Amino acid sequence: MRIRLGGVLSALAVVAGALTGCAITDDRSSIVVTTNILGDVVQEIVGDQAQVTVLMKPNSDPHSFGVSAQEANSLQTADLVVFNGLGLEEGVLHHVDAAETEGIPVVEVGAAVDPLAYGDGDTTGQDDPHFWTDPTRVALAVDLLAAEVIEHVPGVDETVVRDRAAAYRTQLEDLDRHITALFAGIPPEQRKLITNHHVFAYLAERYDFTIVGAVVPSGTTLASPSASDLASLVGAIEANGVRTIFADSSQPDRLARVIADTTGTEVDIRSLYTESLGEPGSAADSYLKMMRYNATQIGDGLA
């Protein structure tokens, strides 16, 4: 019988740590990811090959979340930093820049998946960072991330990472087919979206929807609508026969309800997980579950 010394030593270390109350140091390489959506994708690709630290908590706003001094330091000591980019993580981008200045390998995912430009609102013409609402672009990101992990993260098994990436791509392809089939029941004249802010352009392009407007006519939740903006949106709702406004689960829906009440028709408010995963155990605690939940909500709200 062969006894694996490494396994014995690991077991003894755990016992020693339990007896002394000391934490056991994880000697795996470190990947730090800014957003929880990308964090879930990276974890699916990496598995237990490296330690994955996600900075953004569930149900947070990627435009405004911040990090502690300890979390900022984790960026400086990582083997690889993964961030969405295209201006999304407004509160932590300077920390990412600082890590890159220190020579830490940094990958901006949004810039590498054929980004769209905003077509409306105060961010018109700028790159739209919300690429994850199109699973086929997330599949492109999986290939990119697998290559970056293999190149920059010491100690990972290339075969394991590539196999996990391929398996996850298959799940993304299944997700895309599921969403396509679900949306097939929505008549073309009803494929009209109004959301909390401009977050669904990629989904609209992929599945043939029209973006009628947004409560906050901007690509960021940090903007504020004017009275004329809200009046214009009410007019657009009435002119297009829109019956549902899709709010963001991580944002108050007060303005959406005011707009719904102002229209001359009955307008439903449905909550989506648009920019953040939900808490563990929720209907959106992974990217795949989040997209299936959102697709069901959109399908039910518009069909």
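Axes here are lines fitted to C-alpha atoms, for helices over the stretch in contact, and angles between N-to-C directions run from 0 to 180 degrees. The model is predicted. In it, helix α2 (residues 36-46) packs with helix α6 (residues 158-183) at an angle of about 125°. Their axes lie 7 Å apart. The two helices are therefore oblique to each other. On the α2 side, the contact is made by Asp-40, Val-41, Gln-43, Glu-44, Ile-45 and Val-46. Helix α6 contributes Val-161, Arg-164, Ala-165 and Tyr-168. Six residues of this contact are nonpolar, one is polar and three are charged.

Thr-35 sits in the loop between β1 (30-33) and α2. Its relative accessibility is 4%, so Thr-35 counts as buried. A polar atom of the Thr-35 side chain lies 3.3 Å from the backbone nitrogen of Leu-38. Leaving aside residues up to four places away in sequence, Thr-35 touches Val-54, Met-56, Asn-84, Leu-88 and Glu-89.

Aromatic rings form four pairs. Phe-131 and Trp-132 make an edge-to-face pair, with 6.0 Å from centre to centre and 75° between the planes. Both Phe-131 and Trp-132 are buried. The pair of Tyr-273 and Tyr-293 is also edge-to-face, because the planes stand at 70°, with ring centres 5.4 Å apart. This pair links distant parts of the chain, 20 residues apart. Tyr-273 belongs to the loop between β8 (268-272) and α10 (287-302), whereas Tyr-293 lies in helix α10. Tyr-273 is buried, at 16% relative accessible area. Tyr-293 is partly exposed, at 26%. Phe-183, Tyr-207 and Phe-209 form one aromatic cluster.

Conventions: Residues are numbered from 1 along each chain as its sequence is written. This is a predicted model: local features need pLDDT of at least 70, side-chain atom pairs count only at pLDDT 80 or more; totals for chains, interfaces and linings use all residues. Side-chain values use heavy atoms; hydrogens and water are left out. Helices (H or I, at least four residues) and strands (E, at least two) are DSSP runs, numbered from the N terminus. Angles under 35 degrees count as roughly parallel, over 145 as roughly antiparallel, 65 to 115 as roughly perpendicular and the rest as oblique. Contact means heavy atoms within 4.5 Å. Ala, Val, Leu, Ile, Met, Phe, Trp, Tyr, Cys and Pro count as nonpolar, Asp, Glu, Lys and Arg as charged, and the others, Gly among them, as polar. Buried means under 20% relative accessible area, exposed over 50%, partly exposed in between (1.4 Å probe, protein chains only). A polar contact is a pair of N or O atoms within 3.5 Å; within protein, one must be able to donate a hydrogen and the other to accept it, and residues adjacent in sequence count only if both atoms are side-chain atoms. Rings of Phe, Tyr and Trp (its six-membered ring) pair if their centres lie within 6.5 Å; planes under 30 degrees apart count as stacked, over 60 as edge-to-face and the rest as tilted.
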